[in-house]
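Subject: Handover of a structure, with notes

Dear colleague,

Please find below the structure I would like to hand over to you, followed by my notes on what was found in it.

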Amino acid sequence: MHLILLGDSTIDNKSYTKGGLAVEDHIRAELGQGSVVERRAEDGGMTSHILGQLKDLPSTATHLVLSVGGNDALDQVVYEGVL
């Protein structure tokens with residue numbers, strides 16, 4: 001299995017774990033030896049960044065995981081002056 005992690009800080013959460021395991025670490029532990037987990041997700045990522053994260057996907061990729069949208073919603077709320 002070659003899993004590609006895409007999106008935002010829901011996946012790229014290492015800076016929020018205070019030394020604990022990040023999402024990608026938990027996934028690696030569950031999948032075990034022989035599996036590849038590649039994180040392309042970035043804290044602050046938005047839907048407009050996904051095409052860049054998808055660029056040059058390896059031919060060995062078997063699964064994609066996507067979590068995105070929270071920063072888009074937050075940006076919209078700030079833009080509309082709600083916050």
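**Sheet and helix packing**

Strand β1 (residues 2–7) runs parallel to β3, and 5 bridges join the two; strands here are DSSP runs of E with at least two residues, helices are runs of H or I with at least four residues, and both are numbered from the N terminus. Two strands are taken to pair if DSSP finds at least two bridges between them. Before you read further, please note that this is a predicted model, in which local features need pLDDT of at least 70 and side-chain atom pairs count only at pLDDT 80 or more, whereas totals for chains, interfaces and linings use all residues. Residues are numbered from 1 along each chain as its sequence is written, and side-chain values use heavy atoms, with hydrogens and water left out.

Taken together, 3 strands form an open sheet with parallel pairing, in the order β2-β1-β3. Because β2 and β3 (63–67) stand at the edges with a single partner strand each, one side of each is left without a neighbour in the sheet. From one strand to the next, the twist averages 20°, where axes are lines fitted to C-alpha atoms, for helices over the stretch in contact, and angles run from 0 to 180 degrees between N-to-C directions.

Helix α1 packs on the sheet, where it touches β1 and β2, and its direction makes about 170° with that of β2; contact means heavy atoms within 4.5 Å. A right-handed β-α-β unit is made by β1, α1 and β2, right-handed meaning that, with the strands pointing away from the viewer, the path from the first strand over the helix to the second runs clockwise.

**The chain as a whole**

The secondary structure comes to 3 helices and 3 strands, and from the N terminus on the elements run β-α-β-α-β-α. Along its principal axes, the C-alpha trace spans about 50 × 30 × 15 Å. Of the 83 residues in the chain, 24% are buried, a class that means under 20% relative accessible area, with exposed over 50% and partly exposed in between (1.4 Å probe, protein chains only). Among the contacts with a separation of 6 or more, 71% are accounted for by residues 24 or more positions apart.

**Nonpolar core**

The largest nonpolar core has 5 residues, namely Leu3, Leu5, Ile11, Val37 and Ala41; such a core is a set of buried Ala, Val, Leu, Ile, Met, Phe, Trp, Tyr and Cys residues joined through side-chain atoms within 4.5 Å. Leaving aside neighbours within four places in sequence, Leu5 is in contact with a number of residues, including Ile11, Ile27, Val37, Ala41 and Val65.

**Salt bridges**

How many salt bridges does a search of the whole structure find? The search finds 5, a salt bridge being a side-chain nitrogen of Lys or Arg within 4 Å of a carboxyl oxygen of Asp or Glu. One of them joins Asp12 to Arg39, with the closest N and O atoms 3.6 Å apart, and this pair links distant parts of the chain, since Asp12 lies in the loop between β1 and α1 while Arg39 lies in strand β2, 27 residues apart. Asp12 is buried at a relative accessible area of 17%, whereas Arg39, at 33%, counts as partly exposed. Asp12 and Arg39 also belong, with Glu24 and Arg28, to a network of salt bridges.

Lys14 forms a salt bridge with Asp25, in which the closest N and O atoms are 3.2 Å apart. Between Arg40 and Glu38 the corresponding separation is 2.7 Å; Arg40 is buried, with a relative accessible area of 17%, and Glu38 is partly exposed, with 23%.

**Two loop residues**

Asn13 is placed in the loop between β1 and α1 and is buried, with a relative accessible area of 15%; not counting residues up to four places away in sequence, Asn13 touches Ala22 and Val23. Gln33, in the loop between α1 (23–31) and β2 (36–39), is exposed, with a relative accessible area of 82%.

Best regards
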